Amino acid sequence: MPKTTPVPVSTTASLHPEGVSHDEFRAALSRLAAGVCLVTAHEPPLTEDGPRGEDVGMTATAFLSVSLDPPLVLVSLREGSRMDDLLAEQPLWAVSLLADHQVQIASRFSMKGRISDRLLFADLPYVRGEVSGAPLPAGALATLECRTEDRVPAGDHTLVIGRVLTSSLPAPDAAPLAYFRGRYRRLAP
């Protein structure tokens, strides 16, 4: 059995009362490969005769299946983010599991200080979810439309548990997009 040597992690960052620093935590969890998805929702107009609502989207890697019966999923949203605020009011949303050829979509919707969501969706081919009205990008491995069942505060994030109302497989044979050690990755065949 090969001997492994622990990789030292910088401990110059401030420690939490429990002892682990942000850097240590981030370094350890970056070794967990994750699938990449696009969470989307449609913000309805404020009034019936007002301007049309807006589409909102964000890249997420903290997404998982919770239950088969009933079909439930969970996504983790940064507290106070645009998506967290919207899903506090809008119960219908969607998740698109991204294929490896959709790196640009993942990058576009994960930018810090990014441009408006309207511009991010401008040249993105998508269809509207029949139930959620949320944009579902063309070429995704799978899409799920959900209704929020519960919201759980968890540190600096909100865990949103959604009941899956519809699912489809636009590109079921494409390879998945993964996130590992701070970068988007393609799985080797």
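Reader: Is Phe25 buried or exposed?
Author: Phe25 has a relative accessible area of 53%. A residue is buried under 20% relative accessible area, exposed over 50% and partly exposed in between, with a 1.4 Å probe and protein chains only. Because of its 53%, Phe25 is exposed.

Reader: What kind of model is this?
Author: Residues are numbered from 1 along each chain as its sequence is written, and side-chain values use heavy atoms, with hydrogens and water left out. Local features need pLDDT of at least 70, side-chain atom pairs count only at pLDDT 80 or more, and totals for chains, interfaces and linings use all residues, since this model is predicted.

Reader: Which helix holds Phe25?
Author: Helices (H or I, at least four residues) and strands (E, at least two) are DSSP runs, numbered from the N terminus. The run that covers residues 22-29 includes Phe25, and its label is H1.

Reader: What is the accessible area of the nonpolar patch with Phe25?
Author: Patch members have over 30% relative accessible area and no salt bridge; like charges are joined within 9 Å, and nonpolar side chains (Val, Leu, Ile, Met, Phe, Trp, Tyr) within 5 Å. A salt bridge is a side-chain nitrogen of Lys or Arg within 4 Å of a carboxyl oxygen of Asp or Glu. Areas come from the Shrake-Rupley method with a 1.4 Å probe, and for residues only the protein chains shown count as cover. On the surface, Val20, Phe25, Leu29 and Leu32 together have about 390 Å².

Reader: How many bridges join E9 to E10?
Author: E9 spans residues 142-154 and E10 spans residues 157-168, and the two run antiparallel. Thr143 stands opposite Ser168 in E10. The number of bridges between E9 and E10 is 11.

Reader: How far apart in space are Val164 and Pro71?
Author: Val164 is found in strand E10 and is buried, with a relative accessible area of 19%. Leaving aside neighbours within four places in sequence, its contacts are Pro71, Val73, Leu144, Glu145 and Cys146. Val164 and Pro71 are 93 residues apart in sequence, but C-alpha to C-alpha they are apart by 5.5 Å.

Reader: Is Asp100 buried or exposed?
Author: Asp100 lies in the loop between E6 and helix H3 (103-108). Not counting residues up to four places away in sequence, Asp100 touches Ala175, Pro176, Leu177 and Arg186. Its relative accessibility is 16%, so Asp100 counts as buried.

Reader: Which residue in the hairpin of E11 and E12 takes a positive phi?
Author: E11 (177-180) and E12 (183-186) pair in the antiparallel sense over 4 bridges. Within this pair, Tyr179 stands opposite Tyr184 in E12. The hairpin has 2 residues between the strands, and the residue with a positive phi near 50° is Arg181.

Technical notes: Pairing = 2+ DSSP bridges. Contact = heavy atoms within 4.5 Å.
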